[in-house]
Amino acid sequence: MTDRNRLKRLKPIISLLLSLYFITQGISYLKSEDLDLEDDDANPLFIQVDCSKVGNLDDNKAERAMLMYIKDVLETVRQSFRPYLNCLEQDDPQLIQKIKDEYIIHPNNDPYKLDTEIEEDGFDPLLADIIKLVFKRKSGVPRQGFFIEAGSYDGEKHSITLDLEYKFGWKGLLVEADAGAFWNGLMKNRKVLSVNTCIGIQSKPHYAFYDLSTALRRHKRYSMGGIVEITTMSTIPMQCLPLYSLIAAAGNPTINLLVLGVEGAELAILKTLPWDKVDIEVLSLETDLVGLTV
């Protein structure tokens, strides 16, 4: 076995270890003095706040005090648990501005650093089906489109939107909950917006348990990570953001392609959308796990 093949086999394990490291390191930095909580009681899933006191988030000391800072070997990154965000509806201007300012990461101008060279004439199999069914032929794919891909993993291995970006000049938003996969994806220098979060299944931000290994543990089946209802050694708490809030923070463009690969939470997510406020042309959904996880 070559060193390259060994590295490919180790990548999922490395991603899981990185994610667990981020969370365990981050919990030690959780600050809650303004909420009068002891460190042992600072589990973000159990913190209750008075939503009548949310006010201006920039002036809310308790909201700022709940930031979780996570340090890795490259830089300081922020995984946030903000209890007052859970008070805000998905179209609240404060929530949308907070996502713009502190969650979405803009692309750099560095060259791509992909593991596999892009084939000029080939396409990801799923994207090839979309082109055939929707756009009829390669020449029918619009230029300068916009996509949102939820569950983009590292932006390459399980991403179907790379060809749209590279070959057709599309812009977009990549959403990935797994911190290890997300930060690995940023190193590939894709030319789109990125955000490290889980997509919510409620119309407000909310806390949830996220299993980094498989969303189908209770069914004794394998899947990618996802929102779950039970906790295990590979489950972490996360604060999920509504899909509409992410769309609005990206400028609420026409979405030529929305890809949802979120291990069974697809229908619950779609039910939160205010369809009169969005313009989505094509949906690509995983359906085999719907109803099995949340």
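Okay, let's start with contacts, meaning heavy atoms within 4.5 Å: of those in the chain with a separation of 6 or more, 71% are between residues 24 or more positions apart. Before I go on, this is a predicted model, so local features need pLDDT of at least 70, side-chain atom pairs count only at pLDDT 80 or more, and totals for chains, interfaces and linings use all residues. Numbering runs from 1 along each chain as its sequence is written, and side-chain values use heavy atoms, with hydrogens and water left out.

Now the overall picture. The chain has eight helices and 10 strands; these are DSSP runs, numbered from the N terminus, with helices (H or I) of at least four residues and strands (E) of at least two. There are 294 residues, and 51% of them count as buried. Buried means under 20% relative accessible area, exposed means over 50%, and partly exposed is in between, with a 1.4 Å probe and protein chains only.

So, two residues to look at. Is serine 194 buried or exposed? Serine 194 counts as buried because its relative accessible area is 8%. You'll find serine 194 in strand S5, residues 193-196. Leaving out residues up to four places away in sequence, serine 194 touches Tyr103, Ile104, Ile105, Leu173, Leu174, Phe182 and Leu186.

Next, aspartate 121. Where does aspartate 121 lie? Look in the loop between helix H3 (93-102) and helix H4 (125-135). Aspartate 121 has 71% relative accessibility, which means it counts as exposed.

That's what I have for today.
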